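Visitor: I would like to learn how to read the features of a model like this one, step by step. Could you take me through it?

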Amino acid sequence: MIFANRKIIETIEDILENSETQPNIVLMGDHGPGLMFKWDIDSPGCLWERTSNLYAVLLPGNQDNELLHPSMTPVNTFRLIFNTYF
């Protein structure tokens, strides 16, 4: 996990430094890591950790307005990007 985190950060920094125009960046995962999750049917442990999705978005010029909001879900991300930038 440490290796993957470092590579993701390096890649994003490289994209930001070498892009001629400010890029749209979407980083998302389908579920949390589940490092402490226990598959016990009767009482699963750390369910919150397993069901927490990674969801990070950088949209140039739209970070401070209402385009991105706390209740937004990943399912709407690409529709929002396509409607805003294309």
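This is a predicted model: local features need pLDDT of at least 70, side-chain atom pairs count only at pLDDT 80 or more; totals for chains, interfaces and linings use all residues.

Visitor: Where is T77 found, and is T77 buried or exposed?

Guide: T77 is found in helix α3, helices (H or I, at least four residues) and strands (E, at least two) being DSSP runs numbered from the N terminus. T77 counts as buried because its relative accessibility is 1%, and the cut-offs are under 20% relative accessible area for buried, over 50% for exposed and partly exposed in between, with a 1.4 Å probe and protein chains only.

Visitor: How many helices and strands does the protein have, and what percentage of its residues count as buried?

Guide: The protein has 3 helices and 2 strands, which run α-β-α-β-α from the N terminus on. Of its 86 residues, 16% count as buried, and among the contacts with a separation of 6 or more, 40% come from residues 24 or more positions apart.

Visitor: Which residues make up the largest nonpolar core?

Guide: A nonpolar core is a set of buried Ala, Val, Leu, Ile, Met, Phe, Trp, Tyr and Cys residues joined through side-chain atoms within 4.5 Å. Here the largest one has 5 residues in all, namely V57, L59, M72, L80 and I81. If neighbours within four places in sequence are left aside, L80 is in contact with L59, L67, L68 and M72.

Visitor: How many aromatic pairs are there?

Guide: A pair of aromatic rings is described by the distance of the centres and the angle of the planes. The rings of Phe, Tyr and Trp (its six-membered ring) pair if their centres lie within 6.5 Å, and planes under 30 degrees apart count as stacked, over 60 as edge-to-face and the rest as tilted. By this rule the count comes to 2 aromatic pairs. In F78 and F82 the ring centres are 6.3 Å apart and the planes stand at 40 degrees, so this pair is tilted. These two residues are separated by about one helical turn, because they lie 4 residues apart in helix α3 (residues 77-85). The pair of F82 and F86, with centres 5.9 Å apart and planes at 55 degrees, is therefore tilted.

Visitor: Is F86 buried or exposed?

Guide: F86 is exposed, with a relative accessible area of 72%, whereas F82 is partly exposed at 47% and F78 is partly exposed at 40%.

Visitor: Which residues form a salt bridge?

Guide: Side chains of opposite charge can pair when their charged atoms come close. A salt bridge is a side-chain nitrogen of Lys or Arg within 4 Å of a carboxyl oxygen of Asp or Glu, and the structure holds 1. E10 forms it with K7, the closest N and O atoms being 3.4 Å apart. Because E10 and K7 are 3 residues apart in helix α1 (residues 2-18), about one helical turn separates them.

Conventions:
Residues are numbered from 1 along each chain as its sequence is written. Side-chain values use heavy atoms; hydrogens and water are left out. Contact means heavy atoms within 4.5 Å.
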